[in-house]
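Here is a short briefing on one protein chain. Look over the sequence and the structure first, then read on.

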Amino acid sequence: DLPLVARCISEFARGNHPRHGDYVNRDLMLDEDGLFRSSWSRRGAGDADSAGTGTAAEEKGWVYELHRCAGSGDDGGKNEGGKTADRVVGDVEVLDFLQSKSIVGIQDNYPFWRDHNHEPWSGKPVWVTSRGGRYDHHHVLLDDNIHNDPADGAGGIRVEGNDGSFRSLPGEEALGLHGRHLVRVPTVRAVMEDDWFIRQIEDA
């Protein structure tokens, strides 16, 4: 349903929402070039991106990737002429890419999460970056599958180390970031209250 969601957001940004017709923002128009599928790729033990430190994702040797839905190119995120990258690999490349965009549509990898027993690290990554570093975005995941359970949840916290690399935060520690980086969505309430998502983001 990602293309449908993208079309709805774009129509809103064009001023075609029945209750917000006076709002127009070209930066929020999302076309196929901005739609991606996510995946986790297996890396060898000697790969620098997966050097073991005892944390969940790194110990398993998995690296997060984005693959553009439209087109078949594979340029490792280095397109010429400002064209959107077809493949973006690893925490640093993904963060650099996201920070350069106003909006991106990303489809999560449900089969991978399911096959790893819904462990948070294998779900949707949420990055916690160092203050004063190269990244200035505050990442928040709002999802109805966030639970008060260290072994079951849709969002996995990725924390930045002193060397700029990222690791998965163990489940017990990640629970302490609920409300700031992980927000559980009570679906019906979010539908009934127009500003529910806005309030949660402001509170985070």
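In what order do the three strands of the open sheet stand? The order is S5-S7-S8, with mixed pairing. This is a predicted model. The points below cover the sheet, the whole chain, the confidence and one proline.

**The open sheet**
- S5 spans residues 124–128 and S8 spans residues 166–168. These two strands stand at the edges.
- Each edge strand has a single partner strand, so one side of each lacks a neighbour in the sheet.
- From one strand to the next, the twist averages 35 degrees.
- Strand S7 covers residues 155–160. S7 and S8 pair in the antiparallel sense, over three bridges.
- Val159 stands opposite Arg167, which lies in S8.
- Strands of a sheet pair through backbone hydrogen bonds, in a parallel or an antiparallel sense.

**The helix on the sheet**
- Helix H3, residues 90–99, packs on the sheet.
- H3 touches S5, S7 and S8.
- The direction of H3 makes about 80 degrees with that of S5.

**The chain as a whole**
- The protein chain holds seven helices and nine strands.
- It has 204 residues, and buried residues make up 38% of them.
- Take the contacts between residues at least 6 apart in sequence: 62% of them join residues at least 24 apart.
- The accessible surface comes to about 11900 Å². Carbon and sulfur atoms account for 48% of that surface.

**Confidence**
- The average pLDDT of the protein chain is 85. A score of at least 70 is reached by 85% of the residues.
- Over residues 45–55 the pLDDT is below 50. This stretch has 12 contacts in the model beyond near neighbours in sequence.
- Residues 72–83 also have a pLDDT below 50. Here the model shows 15 contacts beyond near neighbours in sequence.
- Where pLDDT is low, the predicted coordinates should not be read in detail.

**Pro186**
- Where is Pro186 found? Pro186 is in the loop between strand S9 (182–184) and helix H6 (187–192).
- Pro186 and Trp196 are 10 residues apart along the chain. Their C-alpha atoms are separated by 9.9 Å.

How values were computed
Residues are numbered from 1 along each chain as its sequence is written. This is a predicted model: local features need pLDDT of at least 70, side-chain atom pairs count only at pLDDT 80 or more; totals for chains, interfaces and linings use all residues. Side-chain values use heavy atoms; hydrogens and water are left out. pLDDT is the predictor's confidence in each residue, from 0 to 100. Contact means heavy atoms within 4.5 Å. Helices (H or I, at least four residues) and strands (E, at least two) are DSSP runs, numbered from the N terminus. Two strands pair if DSSP finds at least two bridges between them. Axes are lines fitted to C-alpha atoms, for helices over the stretch in contact, and angles run from 0 to 180 degrees between N-to-C directions. Buried means under 20% relative accessible area, exposed over 50%, partly exposed in between (1.4 Å probe, protein chains only). Accessible areas come from the Shrake-Rupley method with a 1.4 Å probe; for residues, only the protein chains shown count as cover.
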